[in-house]
Structure formats: C-alpha cells, structure tokens
Amino acid sequence: MKNIPDGQLNTNYDDSGDEIPLPELLHLLFQGKWIIVSVTAFVSMIGVVFSLYLPNIYESEALLAPVDSSDSMSLGGGVGALAGLAGVKLPTAGGEGNSKKAISTLNSLSFFENNILPDIFLPDLMAIKSWNSQTNTLAYDENLYQKNSNTWVRDYSYPEKQIPSAQESFKVFTTKHFQIIEEQKTGFLQLKIKHQSPFIAKQWSELIINKINAYYRQKDKAESEKSVSYLNQQITTTRLAEVKEALAELLQQHIKKLTVIEAKQLYVFEIIDPPAVMELHSKPNRPLMYILFGLLGGIMGIGFVLFRHIDKKKFIRYFDN
C-alpha cells in the first residue's frame, strides 16, 4: 500500500462505483477517528441521560402450584342409574379442578373489575410518576391526578372518561404490570407484578393470589350448598329406598366437599414461593443500554465518515466529468 498523506485521499480508484479498498478504508477511518469518537461520546451521553430519566421498575414474582383436584366429585354408575330411574336430576361436578379455568379468569376483564380494581388505589395504576425509596412515598402526575384534592384533572376524549374506566385500567394493568406464565413441564405458574414501588408490586401480587383463591372457593361453596339443599329435598320426596340410599351417599360426598372448602384457604393455587419486596429493580437494564448506545454512536460515527467521503468523491467525479 502506498503512503497517503494525512488530509489527502486517493480518489482515482474505480470511478464506476463507490467501493473503497480495505487499506484505504482503514486509513479513512483512522483519519476520521476524532469524528467517530466525538459522535460515539455524544450518543453515549444521550443514552446515559435517557436511562437515568427512566424510572426503576421492580418485579415481584410468586411461584404457584395448582391444588390437587382429587376432591372433585363424580357420580358412580349405580348412583346415576338409580337416580335416573327415579326421575331425579342430580347435580354434576367437574373433574378437572379450577386451576385451568383460573388462568383464563385472571386474564379476564370481569374478574379485574369485580375483584381487583375495588381493592387497589387507582392513581397507583393510572397516574404514577415516581417512587421515593427514602420515604417510601409515591408521586403522581399533576396533569392527571391532584393528590391534595383527590381529584382527576386529566384531559380526555371519547371513549375515555375523567376518571379512568375499568376497561382502560384493565388494559394498562395487563400490558404494563401483570403477567402470568404457565410452565409446561412442571405445571407451575409464575405470577409477576411490575411497579415503580416494590411494596405495591408485592401488595398486588398477594391481592391477586388471595382473590383468585377466594373467588373459586366461594363459587364452589355456593354450588355445594345448593346441591346439599337440593339433595335434602329429594331425599324427603322420593319413596324408593335404593334411590334414597344413593342420594344419601351423594349428600355425604357434598358435605365432605363443603368441609374441605371451609378448611382450604389456598383453594386453587398453592404458594410455592411467595412474592417479596425486591431490593433490586428489574428494569431498566442501564449497563446494557450504555453498551447499546455506545455501539449505536460508533456505527453512526463510522457511517458519517464514510458518507462524507463518498459524497466528496461523487462531488469530485461530477466536476471531473
């Protein structure tokens, strides 16, 4: 490679294209090293400022296991046959348990609106601005919510409302804060809540677990109580001894189920690893952001040097022609 004086580039190669020989490319980048360094430093500083502007997000995670559904009731063939002969319609019970249905319930608007939303402070969801780790206090966006007067002041347009609706709140909750993941191999569930306050994240995690267990516990309890009442009525009205015996056996099973329901607080999901107040934030990953912005700055610097050289070469070629 022939020596190329500093500040002077060879523009006599292959005028039909914009390809730059590798030796000259290296020399070109060396000459523009301060431009590359300056652009890299500038973009990196933007990345630092941007990452510091982003609030810390804490993630509280709970590991759950579906409760064994072996207590669910099923009718034996003889009991069902005798009841059919007597013209008695018996209630049936599912055999899969509630855990599968509970996953869908957790992601439903109705469950959020009726069970979660009434027990959370709406500004913590819809108007949060920052969390002070020293005082454990939350600050809210003054353009959305005035804490002193407990008043929503946000600008809105249809279909939004002055106070965020259940549907709008549900969308924010499921897209920014709540996540549930089912592990296919083990069947365990990972319930995750993200929030600027690690205390709120833990509080919401515990709230969801308690509410979903209470929801199906009350649901099954009401169904079993209705079944007990129904069976008692049928026992008093039927005259067939065989059917009475079968109904009494079924009644005993329902009473047993009611006893189990009363005894189990963790009715659908058992807590393997409870949620905790996390000390370290999960987002943003600032070191990774620094690296990515640094790489972006380097690429931009190199691109600027090459573009400037190619543009200069085209300018020279234009006048040479």
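Helices (H or I, at least four residues) and strands (E, at least two) are DSSP runs, numbered from the N terminus. This is a predicted model, in which local features need pLDDT of at least 70 and side-chain atom pairs count only at pLDDT 80 or more, while totals for chains, interfaces and linings use all residues. Residues are numbered from 1 along each chain as its sequence is written, and side-chain values use heavy atoms, with hydrogens and water left out.

**Whole chain**

Start with everything shown. The chain has ten helices and eight strands. Of its 321 residues, 36% count as buried. Buried means under 20% relative accessible area, exposed means over 50%, and partly exposed is in between (1.4 Å probe, protein chains only). Now consider contacts, meaning heavy atoms within 4.5 Å. Among those between residues at least 6 apart in sequence, 71% join residues at least 24 apart.

**Stop 1**

Select T137. It sits in strand β3, residues 137-140. Is T137 buried or partly exposed? T137 is partly exposed, because its relative accessible area is 38%. Show its contacts next. Beyond its neighbours within four places in sequence, T137 touches S130, W131 and N132. Its side chain also makes a polar contact of 2.7 Å with the side chain of T135. A polar contact is a pair of N or O atoms within 3.5 Å; within protein, one must be able to donate a hydrogen and the other to accept it, and residues adjacent in sequence count only if both atoms are side-chain atoms. T137 and S197 are 60 residues apart along the chain, and their C-alpha atoms are separated by 8.6 Å.

**Stop 2**

Most residues other than glycine have a negative phi, and most peptide bonds are trans.

- Select N136, in the loop between β2 (128-132) and β3. Its phi is near 55°, a positive value in a residue other than glycine. N136 is partly exposed, with a relative accessible area of 39%.
- Select N150, in the loop between β4 (145-146) and β5. Phi of N150 is also positive, near 55°. N150 counts as exposed, at 52% relative accessibility.
- Select Y158 and P159. A cis peptide bond joins them, with omega about 10°. P159 lies in the loop between β5 (151-152) and α7 (166-177).
- Select K283 and P284. The peptide bond between them is cis, with omega about -10°. P284 is in the loop between β8 (269-273) and α10 (286-320).

Stay in that loop and pick L280, which lies between β8 and α10. L280 is exposed, with a relative accessible area of 70%. L280 and E59 are 221 residues apart in sequence, yet 8.9 Å apart in space, C-alpha to C-alpha.

**Stop 3**

Two packed helices are described by the angle between their axes and the distance between the axes. Axes are lines fitted to C-alpha atoms, for helices over the stretch in contact, and angles run from 0 to 180 degrees between N-to-C directions. Angles under 35 degrees count as roughly parallel, over 145 as roughly antiparallel, 65 to 115 as roughly perpendicular and the rest as oblique.

Show α5 (residues 109-116) and α8 (residues 198-237); their axes come within 11 Å and cross at roughly 105°. The two helices are therefore roughly perpendicular. F111, N115 and I116 of α5 meet L207, I208, K211, I212 and Y215 of α8. These residues divide into six nonpolar, one polar and one charged. Here Ala, Val, Leu, Ile, Met, Phe, Trp, Tyr, Cys and Pro count as nonpolar, Asp, Glu, Lys and Arg as charged, and the others, Gly among them, as polar.

L109, F112, E113 and I116 of α5 contact A166, Q167, S169, F170 and F173 of α7. By class, that is six nonpolar, two polar and one charged.

**Stop 4: α8 against α9**

Finish with α8 and α9 (residues 241-263). Their axes come within 9 Å and cross at roughly 155°. The pair is therefore roughly antiparallel. The contact includes V228 and L231 of α8 and L251 and L258 of α9. By class, the contact has ten nonpolar, five polar and seven charged residues.
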